[in-house]
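Biologist: Please take a close look at a single part of this structure. I would like one connected account of it, with the criteria behind each term stated.

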Amino acid sequence: MTGPGFDLERVRGDFPLLRQEVRGRPLVYLDSAATGQKPQAVLDALTRYYTHDNANVHRGVHILSERSTQAYEDARETVRRFLNAKDAREIVFVRGTTEAINLVAATYGRKQVGPGDEVLISAMEHHSNIVPWQMVCDAAGAKLRVIPVDDRGELKMDAVDALLTERTRLLAITHVSNALGSINPIKELVAKAHAKNIPVLVDGAQSVTHFQVDVQELDCDFFAFSGHKLFGPTGIGVLYGKLAMLEAMPPYQGGGDMILSVTMEKTVYNRVPHRFEAGTPDMAGAVGLAAAIRYLEGVGLSAIAQHDQWLLAYATQALSAVPGLKLVGTAPKKTGVLSFTLEDVHPHDVGTILDQEGICIRTGHHCAQPLMQRFGVAATVRASLALYNTPQDVDALVKGLLKVREVFA
Ligand SMILES: Cc1ncc(COP(=O)(O)O)c(C=O)c1O
């Protein structure tokens with residue numbers, strides 16, 4: 001029912017947090033776009049690392065430091081393989097998508113964006129891919145330009161060519177909208193931008209969790225994602241950058257590990273990627289993230305993608321039975337995100353009543369206030385699906401929403 005080789009019951013059983021009751025009811029977790037739950041394999045990897053291998057990396061000559069460094073660099077290789085990057089040096093560990101984008105803004109952005117230049121984003125960006133570019137543009141006297149979105153939540157592709165000008169220094173765009181679920185045609189956008197020698201940063205926070213990403217195939221220059229959304233630990237994330245791009249960039253933060261030598265007069269910076277990893281990194285986080293990736297690969301990335309599409313179709317159909325429910329974001333190509341409003345009921349009230357039923361969904365602007373303005377709403381209710389969600393989760397949501405309707409009748 002959910003694709004070959006996908007044993008949903010077994011997969012669900014791999015996530016211990018889901019086996020609980022809340023408010024006297026079985027937990028229904030439909031907030032994975034905010035953060036993903038962690039499989040036992042990730043919890044075990046973290047425990048194993050702290051129990052056996054913990055030591056600082058790249059510094060000690062002792063056995064534990066050797067093991068810890070090996071585990072950290074192995075994790076980098078696992079991420080390289082996951083994204084199909086050419087070289088492990090193209091993988092920089094950061095805290096998350098937000099830090100990855102800020103890193104590019106503070107290095108590439110500060111260096112390349114000057115007065116009168118432009119940075120191009122889209123109307124469906126998360127604040128993490130808006131504010132850093134506003135800051136760069138404000139500091140440089142540059143202009144932020146925006147690709148519009150149509151009523152279904154698709155990018156207006158016919159507007160793109162005119163927005164990519166000789167002043168555009170970067171296109172920074174989300175792969176998948178966290179608030180709508182829309183999947184953007186990144187390959188096509190990259191081809192358009194590259195035809196004008198404009199590099200492209202892709203915010204992959206919501207794509208890697210739903211389908212396989214190949215950065216060489218996309219040909220993007222930067223790609224960012226967060227470990228915690230990919231069912232790994234909090235505090236770890238990834239910036240992929242093409243080697244030539246990273247090598248041309250100045251350092252981000254100063255400190256230990258990002259240097260080759262320091263005198264009071266001068267510092268010689270370390271090679272890529274360590275140049276961008278100042279201070280003690282999140283070794284345990286990297287190990288946990290690698291475990292999450294191995295877990296997902298074990299389940300099967302294409303089976304996960306198939307399950308997502310199947311459950312999205314089921315949920316879209318099921319929600320159509322709720323009177324007054326209006327989906328926000330109906331692009332033909334989307335991931336398992338269902339954003340909606342319920343006539344006459346404030347999203348916050350919907351969330352509060354669903355919570356009483358043990359159902360976790362998100363309400364609010366989803367860190368995408370300009371997008372909410374575009375759709376003329378202050379907030380939506382958002383249910384987001386992951387590999388461990390079942391049709392029963394969706395049925396519980398529908399039942400909960402019918403209860404909301406009763407309360408507000
Ligand atoms: C599309 C998108 N970009 C960026 C972020 C920021 O991710 P983080 O808070 O993990 O840095 C999120 C998180 O919700 C997101 O959905």
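Modeller: I shall describe the ligand site, whose shell of residues divides into one nonpolar, nine polar and two charged. This is a predicted model, in which local features need pLDDT of at least 70 and side-chain atom pairs count only at pLDDT 80 or more, while totals for chains, interfaces and linings use all residues. Numbering starts from 1 along each chain as its sequence is written, and side-chain values rest on heavy atoms, without hydrogens or water.

The shell (a heavy atom within 4 Å of the ligand) includes Thr97, Thr98, His126, Ser128, Thr174 and Asn178. Also around the ligand are Asp203, Ala205, Gln206, Ser226, His228 and Lys229. Ala205 is the nonpolar member, and Asp203 and Lys229 are the charged ones.

In the side chain of His228, an N or O atom is 2.7 Å from an oxygen atom of the ligand. His126 also uses its side chain, with a polar atom 3.3 Å from a ligand oxygen. Thr97 instead contributes a backbone N or O atom, which lies 3.4 Å from an oxygen atom of the ligand. The protein buries 85% of the 390 Å² that the ligand exposes when taken alone (Shrake-Rupley areas, 1.4 Å probe).

The ligand takes up the space of the largest pocket (an open set of points on a 1 Å grid where a 1.4 Å probe fits, with protein on both sides within 12 Å along at least five of seven lines; more than half of the ligand atoms must lie within 2 Å of its grid points).

Technical notes
A polar contact is a pair of N or O atoms within 3.5 Å; within protein, one must be able to donate a hydrogen and the other to accept it, and residues adjacent in sequence count only if both atoms are side-chain atoms. On a 1 Å grid over the protein atoms alone, a cavity is a set of points where a 1.4 Å probe fits but cannot get out, and a pocket is an open set with protein on both sides within 12 Å along at least five of seven lines; lining residues have an atom within 4 Å of a point.
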